[in-house]
Every structure is written in C-alpha cells, then in structure tokens.
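Dear colleague,

I am passing on the structure below, followed by some notes on what turned up in it.

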Amino acid sequence: MSTLLADDRVWILLIEDNPADADLVREHLDADGMAGNVELTHVSRVADALAQLRAQHFDAILTDFNLPDGAGIPMLQTLREAVPDTPIVVITGESQNLGLALEALRHGAQDYLIKGAGTSQVHRSLRYAIERKQLQDKLTSSEWELREKNDLLRAVLDNMGDGVIVAARDGRMLLFNPAATRIFGRGITDTLPDRWSDTYGIQRLETGEPIAADDLPLVRAIRGQASDSVDLVIRHNALSKNVYVQSTGRPLRDWKGDVYGGMVVIHDITAHKEAEEALKQKNDELTHAYFELDRSRKQQLELKDQVLSHVSHELRTPLNAAAQFVTILRRGFAGPLQEQQQELVEDIERNLKQLRSMIADLLDTTRAESGKLTLKLRRLPLHDAVADVLRTMHSTAADKGVALAADVPAELPHVAADPARIRQVLTNLVDNAQKFTPSGGSITVRARRFEADPAFVCVSVVDTGRGIDAAEHQRIFSRLAQVEQSVTDDSSTRKGLGLGLFICREIVRRHGGDIGVDSRPGEGSTFYFTLPIHPAALPQGGSA
C-alpha cells in the first residue's frame with residue numbers, strides 16, 4: 001500500500017462470510033509493514049455492512065459476491081444505493097463466472113479480485129479503485145462547473161437587448177440570440193455567407209442597396225477583420241417596418257491566434273433614427289415659420305440644435321454601443337482575451353473616456369450660457385489643490401517627457417472657491433500646457449498674493465512650449481476656439497471641442513476673478529487667473 005496513498009490513512013470495509021478468506025485479505029493489507037496505515041473493519045453480512053456504512057465513512061469496500069443475506073448484482077445495487085460515492089471492489093471465486101464480475105463493473109463496481117490474488121494485486125486493485133473514483137468525481141465536478149458557466153453565458157445572451165451572432169470559420173452560424181432573431185425577423189439559417197444580405201434583407205443605410213458579402217461585419221469577422229459601428233438597415237417582408245442597426249464585428253481567435261470564427265453585436269437604433277427624423281422634421285417646420293421673422297434667432301437655434309444633435313446621436317448612441325461591446329469582451333463572454341485583444345479593449349476605453357470628457361464640456365458650456373453653472377464655495381488651500389492635480393497628471397506628463405512642478409507657498413492665504421471647479425480649471429490649463437510643450441520641457445504651477453489687489457491670489461501655469469501669437473490671446477477663450485496644432489499631435493492626443501478655456505473663463509468669473517494669458521511665439525506661455533481670499537466672516541459651505 002506504500003504506493004497507494006503515500007502516508008494517508010485508509011479506511012476499508014471488508015464484507016466476507018468466510019473467516020479464512022477474511023484473514024487472507026487482512027494479511028495482504030498488513031504486508032510490507034503497512035498495518036498502521038490501514039483501518040480494516042470486517043463484517044460477514046450485508047445488513048452489518050449497511051450499519052457500518054451508516055455509522056462512518058470508508059474509503060473503499062471489499063465485498064464477496066455471494067453472502068448469506070445478499071448476492072450478485074442485487075447485493076451490489078444495495079451497497080451502491082447506500083454509498084453511491086464509495087468505490088466497491090468485488091471478490092469472486094475462481095469457480096465463479098468472470099462474466100458476473102464484468103457485469104458488476106457495469107453496475108457500479110470499480111474493480112474485481114479473484115480469491116487467492118497476491119498482495120500486490122490487492123494493493124493495486126484498491127489503489128486503482130480509489131483513484132478512479134477520485135478522478136470520476138473531479139470530472140463530474142468539472143462538467144457541472146462548465147455547465148453552470150454555459151448556462152450563465154446563455155442566460156446573459158438570451159436577456160441582452162443587443163443581438164449577438166456567432167459564426168464558424170466556414171460560415172456556419174453557431175449562435176443567434178433572441179434579440180438577433182427579433183431584430184432580423186428570423187433566426188439561424190443554412191444560407192452561405194455570400195447570400196446573407198439577401199436572406200436577412202441587409203442593406204446599406206446611406207444607399208438602401210444590398211450590402212456586398214465582403215463588406216458584412218460578420219463575414220469580415222470570420223476572415224479575421226474587425227468592423228466598428230457599421231450603420232445598416234434591414235428590410236424584408238417578414239418585418240412590419242424598416243429596422244436600423246449599428247453592427248460591430250470581431251474575429252474569434254484560438255490560443256495560437258488563428259481565426260476559428262467571428263461574432264457581431266447588433267445594436268437596434270430604430271428608435272433613435274425615428275426620433276432623429278421626427279426632430280429634424282419639427283426643426284424644419286420651426287425654421288420655415290420663423291425664417292423671415294428673426295434670422296439671427298434662427299441661426300442660434302440651428303447652432304444649438306446641431307450641438308444637441310451631436311451629443312444625442314453622434315456621441316451618445318455609439319458610446320452606448322461601444323460600452324456594451326467592451327462589457328462583453330471584458331467579462332469573457334466571447335472567450336479569454338489575449339494580449340493583443342486586451343490592448344484593443346484598452347484603446348476602446350481611452351476613446352470612451354475622451355467622449356465622456358467631450359460630453360461633460362458640452363454640458364458645462366450649456367450651464368454657463370444659461371446661467372446655471374453653480375458653485376459650492378469652501379475655504380480652499382491652494383497648496384493642496386495644486387498638489388492633487390499635479391499628482392493626478394504626473395503619469396501622462398512623464399510619458400511625454402515633460403516635467404511638472406509646483407511653487408505654492410504653504411502659508412499662502414486660503415481662497416474662497418469651489419474645490420472641484422478649481423481642480424477642473426487647473427487640470428484643463430495643465431493639460432493644454434502638456435499638448436503644446438515638447439519633450440524635455442517643463443510646466444510649473446505658481447500661486448502668489450496678487451500685487452494689483454491684495455484681496456486676491458493669482459495662480460499661474462507656466463510652460464516652456466511654443467507660445468501663442470498675441471492675436472490669439474482673446475480668441476482662445478471663446479467658445480469652440482482652438483489653436484491649430486499642438487506639438488504632441490498623434491493618434492492618442494486628439495483635439496477636443498474647443499470648449500476648455502471657455503469653461504475655465506466662466507468658472508473663474510463666477511468666483512469673482514479673472515483669467516488671461518501672457519505669451520509670445522517661441523517663448524512659452526503663462527496662463528493666470530485670480531481668486532478671492534477667503535474672509536474670516538464667510539460661513540463654511542457658502543454657495544454662489
């Protein structure tokens with residue numbers, strides 16, 4: 001038994017009505033000095049065995065095939081019902097038919113022994129019986145875990161609002177969730193990829209013509225190509241109206257990177273399209289009615305409608321679709337992510353953050369124009385606020401090779417300001433400075449008592465960038481104003497909407513301060529703003 005279970009203790013139940021045969025089994029188990037590792041309990045009847053099994057756990061059962069109160073397969077079934085998880089080894093006599101022993105194996109016995117077998121055979125049979133049972137239990141557990149995961153994945157897919165379609169490399173459709181069936185008006189078919197456009201009535205949104213098979217996101221996916229936010233329209237007789245969708249496709253790859261299939265996520269934008277069309281029609285009616293009465297008002301309304309439409313459709317709709325797709329990938333519903341796929345997900349997340357920042361700027365601009373930009377004034381130590389902002393932006397500055405520094409005396413008087421809004425101003429100014437400062441340059445945030453008015457503190461953001469022409473000094477604080485090009489223009493540094501400095505100006509003015517810039521081309525820039533010093537009489541938590 002030394003090779004059976006190392007130094008583990010083993011409890012064995014022996015059911016044998018022949019004392020001599022029982023003694024022989026005991027001698028085999030005691031051989032090689034293993035008596036201390038084996039706890040053998042001997043009974044001669046099935047009834048006694050059942051009592052022992054109810055009283056304690058055994059690692060294995062050795063049983064004669066013919067006992068006074070039970071024999072053959074019925075006896076084995078009785079034991080198996082009592083302890084379905086305990087391995088059973090059947091002992092048969094040489095005169096008995098080995099066919100019965102094989103029949104016992106088919107009914108749940110783990111192994112059989114012929115009476116008179118040697119010590120090694122007894123040890124080996126018990127070891128194999130226990131090990132096979134353990135492996136069988138692990139396999140059963142793994143199967144249940146896999147089944148639970150598959151059930152979870154199926155539940156998620158079945159309850160998603162977006163359609164999900166998965167196809168094999170050869171074009172066989174493997175999965176068509178209920179949302180996809182609802183969107184397309186039909187489910188999985190045996191149609192080959194070159195006929196999918198006709199089968200499902202898929203057309204280009206801009207032309208209304210059937211889309212070529214090579215351009216379908218799912219076809220591109222099974223050929224190893226990704227597709228993002230492809231606008232399509234679905235038209236066929238089974239649908240009561242046109243269905244507008246955005247389709248995003250990705251190839252599915254195995255651990256070697258080989259494509260074994262593809263998947264697409266279909267986002268139904270019909271409601272958005274209908275609302276957009278209704279809004280457009282209403283805007284056209286209003287524009288026609290008021291065109292002659294007030295041309296300037298018409299232009300303002302058109303501009304505002306363009307901005308609102310840009311936020312509601314061009315930003316929010318694809319943002320929602322992208323966020324849902326990232327969720328699918330991150331949770332592993334499409335399979336484990338490889339390194340390259342993880343990089344793609346991170347790139348998507350960076351773009352989502354950029355879009356959210358744009359939306360936030362648009363909302364702040366709207367609040368500023370409508371007079372709803374509120375402040376929650378506090379007694380704010382600028383030393384701490386500057387340190388927090390520079391700590392947050394240190395990583396991006398280091399990546400660009402730009403040094404950040406603070407020059408804010410700890411004894412500087414506290415200001416009366418909204419901490420979140422002042423951090424927003426500082427973040428915007430430092431971020432702009434990074435865009436226009438080359439690698440090896442520096443950015444310093446300073447704060448001093450304002451010499452022109454001791455009741456204020458002046459905060460400056462000084463960079464060693466390329467500078468700004470004097471003709472641009474006033475314009476850059478206007479809404480939608482942008483400097484033509486930064487020194488860090490690349491694929492990861494995209495232009496915003498030109499609202500950052502406009503929002504900074506509005507925030508500073510709401511505090512009662514002012515903002516400006518001192519800069520010359522080639523000599524860097526200094527953006528500065530002033531804030532009122534907190535008076536001792538101002539109550540904590542005042543607001544404006």
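The largest cavity has a volume of about 160 Å³, a cavity being a set of points on a 1 Å grid over the protein atoms alone where a 1.4 Å probe fits but cannot get out, and a volume being the space filled by probe spheres set on those points, which are joined across faces, edges and corners. Of the 16 residues lining this cavity, those closest to its centre are Ile165, Phe184, Ile202, Leu216 and Leu218, where a lining residue has an atom within 4 Å of a point. The lining divides into 15 nonpolar residues, 1 polar and no charged, with Ala, Val, Leu, Ile, Met, Phe, Trp, Tyr, Cys and Pro counted as nonpolar, Asp, Glu, Lys and Arg as charged, and the others, Gly among them, as polar.

This is a predicted model, in which local features need pLDDT of at least 70 and side-chain atom pairs count only at pLDDT 80 or more, while totals for chains, interfaces and linings use all residues. Residues are numbered from 1 along each chain as its sequence is written, and side-chain values use heavy atoms, leaving out hydrogens and water.

Elsewhere, Ile348 counts as buried because its relative accessibility is 17%, the cut-off for buried being under 20% relative accessible area with a 1.4 Å probe and protein chains only. Leaving aside residues up to four places away in sequence, Ile348 touches Arg250 and Val326, contact meaning heavy atoms within 4.5 Å. Ile348 and Phe325 lie 23 residues apart in sequence and 9.8 Å apart in space, C-alpha to C-alpha.

Best regards

Notes:
On a 1 Å grid over the protein atoms alone, a cavity is a set of points where a 1.4 Å probe fits but cannot get out, and a pocket is an open set with protein on both sides within 12 Å along at least five of seven lines; lining residues have an atom within 4 Å of a point. Buried means under 20% relative accessible area, exposed over 50%, partly exposed in between (1.4 Å probe, protein chains only).
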